[in-house]
Amino acid sequence: MEWDAEVDVIIAGAGGGGLIAALTAAQAGLEVALFEKTEHLLGNTAASAGMIPACNTKFQHQLDIDDSVEKMTADILIKNHHESDPALVEALATVSGELVEWMNDSLQIKMSVVSEFKYPGHSALRMHAPPSRSGLELTKKLKRNVNALDNIYLLLQTSLQKLIQDDAGHVIGIQVASSEGTQYIKGRKVVIATNGFGGNKELVKQHIPEIADAAYFGYEANTGEGMEAGIQVGAATKSLTAYQGHAAINENTGLLVTWGTVMMGGFYINSLGERFANETQGYSEFAREVLKQPEQYGYIIYDERIHRNLLSIEDYKQIAEMEAFKTAETIEVLAEKIQVDVERLSFTFLDYRQQQNGQADAFGREFFDQNLEAPFYAIKVIPALFHTQGGLLINPHAQVLDTNEIIIPNVYAVGGSAVGVSGNHAYGYMSGNGLLAALGFGRIAGLHIVESLIEEKGGAI
Ligand SMILES: Cc1cc2nc3c(=O)[nH]c(=O)nc-3n(C[C@H](O)[C@H](O)[C@H](O)COP(=O)(O)OP(=O)(O)OC[C@H]3O[C@@H](n4cnc5c(N)ncnc54)[C@H](O)[C@@H]3O)c2cc1C
C-alpha cells in the first residue's frame with residue numbers, strides 16, 4: 001500500500017468531539033492529522049448552547065452544589081429508562097469533572113455553572129458553559145487551541161471515506177477525498193468524530209420515521225459516513241432509533257428558544273390555544289408531541305421575570321434584540337396578537353394557574369415554579385431534529401466493537417458517530433447528553449490513545 005502521509009493519530013471530523021480528542025493527543029506530543037469535510041470548524045457543536053454537564057467540579061464546589069458521579073449516572077439512566085449501557089454512562093460522568101476543569105485551566109476556556117435553572121432530569125445544577133452560553137464561543141476557543149499547536153495538521157474540505165485494515169483486521173489508516181482526489185493516510189490510531197446521520201434524510205426515514213417530518217436543525221454535513229466506514233470494517237451499531245429532538249425553535253429567527261422558558265414556569269400551547277402534554281418531561285420527546293398537533297407548531301407562554309432571567313443566554317438575547325416574541329398586559333390581548341382563539345387561551349391560562357398547587361395536572365406536570373405575572377410573552381416555536389444519538393458500538397474507552405463485542409484494534413468513535421447515553425428513544429435524551437458524549441468520549445479516546453501509545457513504545461512517546 002502506498003501512503004500519502006503518516007501520523008500518530010488520525011481524527012475524522014472537527015466538531016467538539018474531534019477537537020477535544022486532537023488536543024488531548026497533541027498536548028502529549030503526538031502528531032495528529034485532523035480531517036474536516038467542510039470548509040469551516042463548526043459542526044453541531046458550534047450551533048449548540050455550549051452547555052456540558054459535569055459533576056464534582058471546583059465550580060460546583062464554589063457554589064456549594066452537592067453532586068457526584070453516582071448522582072449524575074443515576075440521572076442519565078433514569079431519563080433513558082435504563083436503556084443505555086451503564087458502563088458508558090459512568091465513564092462519562094467520571095471524566096466530566098476533569099474535562100471541564102481541563103478546558104478551563106489548560107485550554108483557557110472560561111467555564112462556569114449555569115445556575116439560572118435546572119434542566120429536566122438534572123438532580124443538581126451541573127451544566128457548565130463558557131460566558132456567552134454558546135457553542136460558537138466554545139468552538140472558536142477550541143480552534144484557537146488547535147492553531148497554537150504545530151503538531152496538529154488540520155485539513156479542511158477533506159472527507160473520511162473508508163477505514164483501511166491490515167490482514168489481521170487492525171485499522172492502520174484511512175482513505176480521504178478532497179478536491180485533489182483520493183489520499184491514503186497511515187495512522188497508529190484513528191478516531192471517528194463525524195457525528196451521526198441527522199443530515200441524511202434517507203437514513204433518518206429508515207431508522208427514525210417518527211421525526212422524519214420535522215425540520216433538521218443540525219449540521220448539514222453530518223450524513224453518517226463515519227458510521228458507514230465503521231460498519232464496513234465489521235463494527236456493530238446500537239440505538240439507531242435514538243435522537244435529540246427539540247420543540248422550541250423560533251420559526252422567524254431560526255434561533256433556539258431555551259427550554260428555560262418552560263422550566264422557569266412557562267407553558268406550551270398548540271395553534272388552537274390548548275396545552276397538550278407535560279412540558280417538563282423534556283424538550284426532546286416534546287418535539288414528537290408537537291408533530292401530532294394541528295399545524296405542527298406552537299407557542300410558549302411566559303412572563304417578564306422569565307424573559308429577564310434568560311437574557312444571559314446568547315441565543316435568547318438575540319431573540320430579545322429582534323423582538324421575536326409578542327408581549328401584552330393581559331392574556332386576552334396576547335391571544336389577539338398571536339391570532340389564537342381568545343377564549344380558549346384564556347381558559348388554558350386560568351386552568352394552568354389553578355394547577356400551580358404542587359399536584360400533578362392532567363398531563364402529569366408537577367413542576368410549575370412561580371406564577372406567571374403580567375406582562376406576558378408568547379413566542380412561536382416549531383419542532384426540530386437536532387442530531388441522532390445512536391451509532392457505532394463502543395466500550396468505555398471509546399474503542400469500536402464488532403458484532404461479537406470484540407475490540408476492532410486502533411479505532412475509536414466519539415460523539416454522535418458512536419452510540420450515546422440516550423437509550424433508544426427521544427425521551428432518553430437528557431439535556432447535555434450531546435456534548436457530554438462528544439467532548440467526554442473525545443477526552444476519553446484521547447487519553448486512552450496517549451496511554452496505549454506510551455505503552456507500545458515502552459515509556460516516552
Ligand atoms: C441547536 C443545537 C443546540 C444544542 N445544544 C446543546 C447543548 O447545549 N448541550 C449539549 O450537550 N448538546 C447540545 N446539542 C447537541 C450537540 O451539539 C451535539 O451532540 C455535539 O455537538 C456533537 O458533537 P460531535 O463532535 O459529535 O459532532 P459535530 O460537532 O457535529 O462535528 C462533526 C464534524 O464532522 C464533520 N464531518 C461529517 N462527516 C465527515 C466526513 N465524512 N469526514 C470528515 N468530517 C466529517 C462535520 O462537518 C462536522 O464538522 C445541540 C445541538 C443543536 C443542533
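Student: How many aromatic pairs does the structure hold?

Tutor: A pair of aromatic rings is described by the distance of the centres and the angle of the planes. Rings of Phe, Tyr and Trp (its six-membered ring) pair if their centres lie within 6.5 Å; planes under 30 degrees apart are stacked, over 60 edge-to-face, the rest tilted. This structure holds 17 such pairs. It is a predicted model: local features need pLDDT of at least 70, side-chain atom pairs count only at pLDDT 80 or more, and totals for chains, interfaces and linings use all residues. Residues are numbered from 1 along each chain as its sequence is written, and side-chain values use heavy atoms, leaving out hydrogens and water.

Student: Why is the pair of W259 and Y283 edge-to-face?

Tutor: The planes stand at 80 degrees, with centres 6.1 Å apart, so the pair is edge-to-face. W259 sits in the loop between β12 (243-250) and α9 (260-263), and Y283 in helix α10 (residues 283-291), 24 residues apart. Helices (H or I, at least four residues) and strands (E, at least two) are DSSP runs, numbered from the N terminus.

Student: Is W259 buried or exposed?

Tutor: Buried means under 20% relative accessible area, exposed over 50%, partly exposed in between (1.4 Å probe, protein chains only). W259 is buried at 1%. Y283 is buried too, at 7%.

Student: Which residues form one aromatic cluster?

Tutor: Y119, W259, Y268, F276, Y283, F286 and Y429.

Student: What lies over the face of W102?

Tutor: A charge sits over a ring if NZ of Lys or CZ of Arg is within 6 Å of the ring centre and within 35 degrees of the ring normal. R443 lies over W102, 3.9 Å from the ring centre. K380 lies over Y297, at 4.2 Å.
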